[in-house]
Amino acid sequence: MPGLETEVLVIGGGATGAGIAWDCALRGFDCVLVDARDLAMGTSGRFHGLLHSGGRYAVKDPRSARECMEENRIVRRIAAEAVEDTGGLFVATPEDDPAYGDEFRLGCLQAGIPTEEIPVAEALRDEPRLNPGLRRAFRVPDAGIDAWKLVWGLADGAAQHGARILPYHRVTAIHRAGDTVTGARVVDVVTGAELDVHARCTLNASGAWAGQIADLAGCHGVRVLAGKGIMIAMNHRLVNTVVNRLTMPADGDILVPIRTVSVIGTTDIKSEDPDALAVTQDEVDQMLDDGERLVPGFRDARALRVWAGVRPLFSDAKEEVDDTRDVSRSHTLLDHHARDGVSGLFTITGGKLTTFRLMAQDTVDAMCAQLGTARPCRTREAALPAPADGEAVHLGARLRAKEEHLLDEQIVCECELITRRRLEDALRERGTVNLDDVRRSLRLGMGPCQGGFCIPRATGILHGVGQLDGAAANGALRAFLEERWKGVWPILYGDQLRQARLDDWIFQGLLDVEHLPEPREAPA
Ligand SMILES: Cc1cc2nc3c(=O)[nH]c(=O)nc-3n(C[C@H](O)[C@H](O)[C@H](O)COP(=O)(O)OP(=O)(O)OC[C@H]3O[C@@H](n4cnc5c(N)ncnc54)[C@H](O)[C@@H]3O)c2cc1C
C-alpha cells in the first residue's frame, strides 16, 4: 500500500479544515488535508454567504454572538478579498413585535456588537424595496463572504507553507495502534487508488459527517445533528445591504446580496442523514412568502436556483432534540483522549463559517498541548495570499481591464452600428444630457430593438463621461423610456409584443429601473 508520512492529517476541506491546515502550516507543522470531494463542497459551499455580526444570536445565544463579532473583525482583515462590506440591517416588519428591538439592542451591547438604531425613513431611503410598513431598523456590521475564495485562499496559503492538499480523497478507515490513532486510509475517488496517510495527529473537521469519522476510529456516540436549511437565489440584488428580520431566529428571515444576485434563507429542519438534501415545494413556497414580508413584490423577481446545506450541530446530551434551532451555534472540540481514552485524534464540529478561524485555533492549540509543544497561533495577524484574479467581489475591476482595450471601438448600438467613441463625441458636440437628443442625432434606439440593448449602455456612458451623477443618469434613462413607450404601446401585439416583453425584462429584470435612486430635488 503506498503511503504518505506527515505530522498532522486534517479530514475535511470546508472552512474549518482549511482553516486548520492554514493554522498548522503557519505554526510549522507538516500537514496533509483530505476531502472526499472538491474543497468547500460540503456545508461551506452551500451556506448563506453571510459574515455574521452576531446580531442574529444576540438574544438567544450570547456566546455565539460574541464569537461572531470578534471573528468578523479578524476575517475582514486577514481575508479582505473574500469579504464584501455590505453592512447589515435588522428591521421589524409589520408582523414583528417592535419591543424585541430593545432586547436586541441590549444583547448586542453585551456581546460587543456595534449597533445604531436609525429612522425607518433612512432605512427605506437606503433600501427602497423594503417593506414600507417597517417599524424599527438597526444598523450592524454584517458583511457578505465568498466561501470558495476563503477556503481556496486558506488551502493555497497552507500549500505555500508546505501543506499537501488532496481533494477527492475519501477517508475509508482510521488506523489505530492500541489506544492511539496513527492516520487513515484514503481512496482517491477519481482513480480508485488507495493510500495510507501516517500521521502523529489526526484532526477530524468533517462537519456534519464528523460522527461517521469518529465511528471509524471506534469513538462512538459523537452526535452531530444535521440541521437542513434551504436558500433561494433571486435574479438580481433586491437589496445592497444584508437584511435580517428583527425577531428571534426564524425561517426565511435573512436576505443577503451576493455579487449580482440576492439570496433568501433559510430553514432549519432536523435531518437524519447529512446527504439527504431534497427540497420540497412547500419549503420553496414558504421561503418565497418569507421574502415577500421583507420585500413586497419579492415573487415578481425570478428565482434562479434553490439549494440546501446541513448545519453540523453538536449535541452530546442524551435527550432528544426536536428543534435544531435550540442547539447552540458555538463550536465543540472533542479530545478523544479525554473522552474515549484514544489519543492522537480530535474532533471539531458545530460553529459557523464566520468562526472557522477560532475553531481552527482551538483545535491546533489542543493538539499542541497533547504533543507537548508550544507553538503560538499566528492566524489573527497573517493575511491570506491575494487571489490570482485580483479583487474578489467587485465586477468593476474586470470591466475596467476589459474596457482598456475596447473603449474606442466597442459597439453600443448593434442596430445602427454606433461605436462608443461616436456616442461620446455626439454627447460632447451637442452638449446635451438628454438621450432623446442623441437619438435624433445618431438614430440611437430607433432600430429594431427600440433601445432594449443600447440604451442601458448609453446611460452608463452618459454617466461615465462625467456629465451626470448616478441619480441624474437614472433620470435620463427613465425619461427616454417614457418617451419611447408612447410610440410602442398602441402597437403591442405579435412580434412587437414579444420584443417589448424582452425589453421589459432587460429594464425591469436586470436593471430594476423602477427602483433606481431618484434624482434629488434641487433646493428651492
Ligand atoms: C443553510 C445554512 C446556511 C448557513 N449560513 C451561514 C452563514 O450565512 N454564515 C455563517 O457563518 N455560517 C453559516 N452556516 C453555517 C456554516 O456554513 C457551517 O457551520 C460551516 O460551513 C461548516 O464548515 P465545516 O468546514 O465545519 O464543514 P463542511 O464545510 O461541511 O466541511 C466538511 C467536509 O468534510 C468532508 N468529508 C465528509 N466525510 C469525509 C470523508 N469520509 N473523507 C474525507 N472528507 C470527508 C466533506 O466533503 C466536507 O467538505 C450555514 C449553514 C447552513 C446549513
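A nonpolar patch here is a group of Val, Leu, Ile, Met, Phe, Trp or Tyr residues, each with over 30% relative accessible area and no salt bridge, whose side chains are joined within 5 Å. I'm noting that first, and also that this is a predicted model.

**Surface.** I looked for such a patch and found M41, Y168, V189 and V190 making one of about 350 Å². V189 is in the loop that runs between β11 (180-188) and β12 (194-204).

**Core.** Next I went inside. Which residues touch the most other members of the largest nonpolar core? I got V8, I20, C24, I145, L150, L203 and M367, out of 47 residues in that core. Helix α1 (residues 15-26) gives the largest share of this core, with eight residues. I followed up on M367: leaving out residues up to four places away in sequence, M367 touches V8, C24, F29, C201, L203 and F346.

**Cysteines.** How many disulfides are there? My count came to zero. I checked two cysteines to see why, with 2.5 Å between sulfur atoms as the limit. C68 is buried at 0% relative accessible area, and the closest cysteine sulfur, in C108, is 11 Å from its own, so that is too far for a bond. C415 is partly exposed at 32% relative accessibility. Its sulfur is 4.0 Å from the closest cysteine sulfur, the one in C449, which is also too far for a bond.

Terms used: Residues are numbered from 1 along each chain as its sequence is written. This is a predicted model: local features need pLDDT of at least 70, side-chain atom pairs count only at pLDDT 80 or more; totals for chains, interfaces and linings use all residues. Side-chain values use heavy atoms; hydrogens and water are left out. Patches are made of residues with over 30% relative accessible area and no salt bridge: like charges are joined within 9 Å, nonpolar side chains (Val, Leu, Ile, Met, Phe, Trp, Tyr) within 5 Å. Accessible areas come from the Shrake-Rupley method with a 1.4 Å probe; for residues, only the protein chains shown count as cover. A salt bridge is a side-chain nitrogen of Lys or Arg within 4 Å of a carboxyl oxygen of Asp or Glu. Helices (H or I, at least four residues) and strands (E, at least two) are DSSP runs, numbered from the N terminus. A nonpolar core is a set of buried Ala, Val, Leu, Ile, Met, Phe, Trp, Tyr and Cys residues joined through side-chain atoms within 4.5 Å. Buried means under 20% relative accessible area, exposed over 50%, partly exposed in between (1.4 Å probe, protein chains only). Contact means heavy atoms within 4.5 Å.
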